[in-house]
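Here is a short walk through one protein model, written for someone who likes to know the cut-offs behind the words. Have the structure open while you read.

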Amino acid sequence: MHRSHPSISRRKHLMKEMMEDDYALPTETQQIARVISSRGNNLHEVETVDETFLVSMPNKFRKSMWVKRGDFLLVEPIEEGDKVKAEICKILTPEHIKEYTKAAIWPDKFTKKPAEQEATSQNKDDSDFEDDLLPNTNRPANRDSSSDEEEDEETSSEED
């Protein structure tokens with residue numbers, strides 16, 4: 001009989017739990033947070049609406065789930081520890097975000113609209129950004145119309 005490795009089995013159950021999630025709303029003690037950076041040793045720096053602090057990743061998520069900068073988490077405060085103030089309860093997916101937005105629980109600070117508006121206004125300000133680009137030296141230079149005219153003159157003078 002073939003037995004699977006325990007970490008594979010654990011990962012399977014975690015993925016199943018995420019897929020069958022009922023999108024339960026956060027409790028009074030839980031907070032929505034965005035990952036700012038990874039501090040190593042399963043610690044992540046996150047920001048909430050009010051503050052920035054460190055959170056720990058519980059053993060069940062380690063080596064099977066990963067978070068990166070910009071991901072959203074559901075965190076629950078812990079009493080022990082001075083620097084680490086919370087523990088990750090759930091890694092939020094885009095479906096969670098949609099449900100939380102419908103329920104009017106999603107913080108305004110984390111909506112994408114301000115970032116998109118900044119990006120579009122920045123593109124309007126930098127409308128001539130293509131002029132600042134350096135030419136690509138890996139490709140042959142494009143011939144402009146003046147060089148074509150010079151070649152035409154050279155070939156016509158050679159024919160005479």
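Asn42 sits in the loop between strand 1 and strand 2, where strands are DSSP E runs of at least two residues and helices are H or I runs of at least four, both numbered from the N terminus. Its phi is near 60°, a positive value in a residue other than glycine. Asn42 is partly exposed, at 29% relative accessible area; on this scale buried means under 20%, exposed means over 50% and partly exposed is in between, with a 1.4 Å probe and protein chains only.

Asn41 is found in the loop between strand 1 and strand 2 as well, and has a positive phi near 55°. Asn41 counts as exposed, with 72% relative accessibility. For context, most residues other than glycine have a negative phi.

## What kind of model this is

This is a predicted model, so local features need pLDDT of at least 70 and side-chain atom pairs count only at pLDDT 80 or more, while totals for chains, interfaces and linings use all residues. Residues are numbered from 1 along each chain as its sequence is written, and side-chain values use heavy atoms, with hydrogens and water left out.

## Overall layout

The protein chain has four helices and five strands. Reading from the N terminus, the order is α-β-β-β-β-β-α-α-α. Of the 160 residues in the chain, 24% are buried.

## The nonpolar core

How many residues does the largest nonpolar core have? It has 14, and those with the most contacts inside it are Val46, Val55, Leu73, Val75 and Ile88. Strand 1 (31-40), strand 3 (52-56), strand 4 and strand 5 each put in at least two residues, and the largest share, three residues, comes from strand 5. A core here is a set of buried Ala, Val, Leu, Ile, Met, Phe, Trp, Tyr and Cys residues joined through side-chain atoms within 4.5 Å.

Pro58 is in the loop between strand 3 and strand 4, and is buried at 12% relative accessibility. Pro58 and Cys89 are 31 residues apart in sequence, with their C-alpha atoms 8.1 Å apart in space.

## Salt bridges

There are five salt bridges in the structure, each a side-chain nitrogen of Lys or Arg within 4 Å of a carboxyl oxygen of Asp or Glu. One of them pairs Arg34 with Glu47, with the closest N and O atoms 2.8 Å apart. Arg34 belongs to strand 1 and Glu47 to strand 2 (residues 43-47), so this pair ties together parts that are 13 residues apart in sequence. Arg34 is partly exposed at 23%, whereas Glu47 is buried at 16%.

Arg39 and Glu45 form another bridge, 2.2 Å from N to O. Here Arg39 is exposed at 51% relative accessibility, and Glu45 is buried at 17%. Lys68 and Asp71 also pair up, at 3.7 Å from N to O, and Lys68 is exposed, with a relative accessible area of 57%. Through shared partners, salt bridges join Arg34, Glu47 and Lys109 into one network.

## A negative patch

Glu76, Glu79, Glu80 and Glu87 form a negative surface patch. Patch members have over 30% relative accessible area and no salt bridge, and like charges are joined within 9 Å. Glu80 lies in the loop between strand 4 (72-77) and strand 5 (84-91), and is exposed at 56% relative accessible area.

Conventions: Patch = residues over 30% accessible without salt bridge, like charges linked within 9 Å, V, L, I, M, F, W, Y side chains within 5 Å. Areas by Shrake-Rupley, 256 points an atom, 1.4 Å probe, with all protein chains shown as cover. Lys, Arg positive; Asp, Glu negative; His and termini not counted. Charge placed at Lys NZ, Arg CZ, Asp CG, Glu CD.
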